[in-house]
Every structure is written in C-alpha cells, then in structure tokens.
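Please read the following walk through one protein model with the structure open beside the text. The paragraphs start from a single residue and then widen to the chain as a whole.

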Amino acid sequence: MGSRLIPELARRNIALRFLVRDPSKVSARFPHLEAGEVVQGDLLTGKGVGEALKGIHSAYYLVHSMGGKSLFRNMEFAEKDKQAAQNFMSAAMIRD
C-alpha cells in the first residue's frame, strides 16, 4: 500500500486520495497521515473507481492480488489482477 511513497507525497503537501475496500486500513497503516481523502470501492467490480479518479492529475496503481499455491489459483488471481487493472485504466481514460 505504498509504505514509502505515501508518506513522501504527504511530506511534499500533495493532496492524496485513496481507493480502498476497507477505509479503516488507511488510518491503521498511516496513523500520522493527516491529509487524504478516502473513497471506498473495489477495483474488481469497478465500484468507486470513477469517483476516486475524478479531477485528479496523477494516479499510482499500488494494487496486486495474492496467488495461491496451486497453478489454478495462481491463474485465477492473475485474471483478477488483469480485470482490476483494466477497470482502473478504463475509469482513468473517461475521468473528468
């Protein structure tokens, strides 16, 4: 979740917006982070992605799924990663 990048961007007074499934994880992971807008959503369904990208200048895609031990599960997670990235890219191309 950008453990080095996010504090550096905040240090530079760059406005931050997070797209997360669980908003409590942002404050838990970065307790000293005072600034930052949190948008609840899901890259796999596309929920909240457009809202998170609306009006922004730059976006960092700091997302990846975790694979299982079996080849089938790894392929399944790879497909989910691909779908999440596609949803992000599609929303980024139509943002205002």
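This is a predicted model: local features need pLDDT of at least 70, side-chain atom pairs count only at pLDDT 80 or more; totals for chains, interfaces and linings use all residues.

In which helix is N87 found? N87 is found in helix α4. Is N87 buried or exposed? N87 counts as buried, because its relative accessibility is 17% and the limit for buried is under 20%. Leaving aside residues up to four places away in sequence, N87 touches L43, L44, T45, G46 and V49.

The protein has four helices and two strands. Along the sequence these elements follow the pattern α-β-α-β-α-α. The chain of the protein has 96 residues, and 22% of them count as buried. Among contacts with a separation of 6 or more, 47% are made by residues 24 or more positions apart. The accessible surface comes to about 7,200 Å². Carbon and sulfur atoms account for 54% of that surface.

The charged side chains come next. How many salt bridges does the structure hold? The structure holds four salt bridges. One of them joins the side chains of E37 and R17, with a distance of 3.1 Å from N to O. This pair links distant parts of the chain, since E37 lies in strand β2 (residues 37–40) and R17 in strand β1 (residues 17–20), 20 residues apart. E37 counts as partly exposed because its relative accessibility is 39%. R17 is also partly exposed, with a relative accessible area of 31%.

Another salt bridge is formed by the side chains of E8 and R12, at 2.7 Å from N to O. E8 is partly exposed, as its relative accessible area is 26%. R12, in contrast, is exposed, with a relative accessible area of 56%; the limit for exposed is over 50%. E8 and R12 also belong to a network of salt bridges that includes R11.

Helix α4 returns with the pair K80 and E76. Their side chains meet in a salt bridge of 3.7 Å, N to O. Both residues lie in helix α4, four residues apart, which is about one turn of the helix. How exposed are the two partners? K80 counts as partly exposed because its relative accessibility is 32%, and E76 counts as partly exposed at 27%.

What lies over the face of F77? K80 lies there, at 5.5 Å from the ring centre. A pair of aromatic rings is described by the distance of the centres and the angle of the planes.

The last stop is on the surface. Which residues form a nonpolar patch there? M89, M93 and I94 form the patch, and together they have about 370 Å² of accessible area. I94 has its place in the segment after α4 (71–93). Is I94 buried or exposed? I94 counts as exposed, because its relative accessibility is 69%.

Two residues can be set side by side to close.

Key: Residues are numbered from 1 along each chain as its sequence is written. Side-chain values use heavy atoms; hydrogens and water are left out. A charge sits over a ring if NZ of Lys or CZ of Arg is within 6 Å of the ring centre and within 35 degrees of the ring normal. Buried means under 20% relative accessible area, exposed over 50%, partly exposed in between (1.4 Å probe, protein chains only). Contact means heavy atoms within 4.5 Å. Accessible areas come from the Shrake-Rupley method with a 1.4 Å probe; for residues, only the protein chains shown count as cover. Patches are made of residues with over 30% relative accessible area and no salt bridge: like charges are joined within 9 Å, nonpolar side chains (Val, Leu, Ile, Met, Phe, Trp, Tyr) within 5 Å.
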